[in-house]
Amino acid sequence: MKQKITWLQILQGWSMLLVVVGHITLTGTFENPETPVSAAIETIIYSFHMPLFMFISGFLFYYTKISRNIAYKNVVIDKLKRLGIPFLFFTLFTFAVKFAFAPFMKRPVELSISQFVNSFLYPGSNPLSEMWFVATLFIIMLTYPLLKYMITSPFKIGILLLGCIALNLFFPADIELLCLSNVAYMLIFFCLGILFCQFHLHQYLSTPWIFIVLLALFCAFTLIPGCPRLLLNLSGILASTSLALNLAPLTPRLFASFRDYTFQIFLLGIFPQIAIRIVYTKIPHSEVSYWTLYLASILIGIYLPVLVAKIIKKIPSPLIHRCFGL
């Protein structure tokens with residue numbers, strides 16, 4: 001179990017690194033053709049990194065909740081504390097920041113009741129746009145009784161997977177209410193995480209040859225024009241999982257400086273990265289300045305939230321800890 005947790009922590013650190021790199025976008029234009037290298041990096045990262053996060057969440061959900069047969073009421077209360085309180089706090093915090101620095105914001109806000117309510121009903125419109133993932137994850141976790149029931153026999157598991165694939169492929173992509181389109185798309189990855197934990201499927205991905213094959217498969221899918229998005233998602237998840245499993249015995253402390261603070265990096269990391277984007281617009285552009293700030297955006301996007309989290313931990317207030325997802 002110690003090795004299992006180690007590889008999972010490495011996978012969490014890897015997935016968080018992908019998120020931070022994916023959020024850099026110094027020019028303010030996603031996949032900007034004027035910066036082809038970083039545009040290619042963004043294309044690769046966005047082909048699987050959020051499904052990977054959902055896969056990890058499903059694995060942990062089985063390990064911490066389903067396998068221990070935690071009561072549904074306790075699951076809901078726990079997730080309201082762990083996800084709902086940070087959602088509310090950072091929604092209010094981002095409203096304040098964006099209102100105060102409105103001239104520099106790509107997505108400014110107005111202080112109105114309707115926009116505040118819409119931030120919860122339509123999480124994609126939240127001033128902190130990353131909150132769509134928190135809302136999506138929470139709604140999926142509310143299906144806990146159904147998920148627990150559907151993994152009790154091979155037949156039910158088959159029905160569950162077929163249903164999830166159908167939702168992923170055919171559910172309308174433009175239903176923003178309560179992130180329902182995202183819920184439908186991401187459910188398959190959450191369920192796969194559950195099944196990986198339940199049946200210990202990760203053990204089949206722990207050899208170097210398996211990693212090489214999975215990496216080659218992901219590269220092939222990436223290079224195929226019009227490759228189905230689901231194949232990119234799945235191959236990226238499997239290659240990343242195999243990578244973590246192979247690295248765990250060699251470098252068990254990999255990403256140890258930040259892998260225990262992935263949620264705090266997710267919540268806070270975008271703010272210093274936006275500040276660096278603003279700095280980039282104010283200085284002469286060159287290859288040196290671009291890549292210097294690119295690297296700085298990675299480091300500050302990771303380690304400033306870690307520093308903040310460590311400071312918050314020293315405050316003797318459980319509520320404040322909850323606000324920051326601790």
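The largest nonpolar core of this predicted model holds 91 residues. Such a core is a set of buried Ala, Val, Leu, Ile, Met, Phe, Trp, Tyr and Cys residues joined through side-chain atoms within 4.5 Å. Phe190 and Phe266 have the most contacts inside the core. Helix H9 (residues 180-198) supplies the largest share of the core, 12 residues. Phe190 touches Met54, Ser57, Gly58, Phe61, Leu137, Ile140, Met141 and Leu147, with residues up to four places away in sequence not counted. Contact means heavy atoms within 4.5 Å. In soluble globular proteins, nonpolar side chains tend to be buried together.

Residues are numbered from 1 along each chain as its sequence is written, and side-chain values use heavy atoms, with hydrogens and water left out. Because the model is predicted, local features need pLDDT of at least 70 and side-chain atom pairs count only at pLDDT 80 or more, while totals for chains, interfaces and linings use all residues.

The protein has 15 helices and 0 strands. Helices (H or I, at least four residues) and strands (E, at least two) are DSSP runs, numbered from the N terminus. The radius of gyration is 20 Å, close to the 20 Å given by the globule rule for 326 residues, so the protein is as compact as a globular protein of that length. This radius is taken over C-alpha atoms, and the rule is 2.2 Å times the number of residues to the power 0.38. Along the principal axes, the C-alpha atoms fill a box of roughly 60 × 45 × 45 Å.

Buried residues account for 46% of the 326 residues. Buried means under 20% relative accessible area, exposed over 50%, and partly exposed in between (1.4 Å probe, protein chains only). Among contacts with a separation of 6 or more, 76% join residues 24 or more positions apart. The protein exposes about 16100 Å², and carbon and sulfur atoms supply 73% of this area. Accessible areas come from the Shrake-Rupley method with a 1.4 Å probe; for residues, only the protein chains shown count as cover.

Lys79 is found in helix H4 (residues 72-100). Lys79 is buried, at 12% relative accessible area. Beyond its neighbours within four places in sequence, Lys79 is in contact with Phe61, Lys65, Gly84, Phe138 and Met141. Phe218 belongs to helix H10 (residues 208-223) and is buried at 8%. Its contacts, with neighbours within four places set aside, are Ile44, Ser47, Phe48, Leu232, Ser235 and Gly236. The C-alpha atoms of Phe218 and Gly22 are separated by 18 Å, and the two residues are 196 residues apart along the chain. Ala244 is in helix H11 (residues 229-247). At 2% relative accessibility, Ala244 counts as buried.

Most residues other than glycine have a negative phi. Thr25 is not a glycine, yet has a positive phi of about 40°. Thr25 lies in the loop between helix H1 (2-22) and helix H2 (36-45) and is buried, at 11% relative accessible area. Leu178, also not a glycine, has a positive phi of about 50°. Leu178 is found in the loop between helix H8 (154-170) and H9. Leu178 is partly exposed, with a relative accessible area of 36%.
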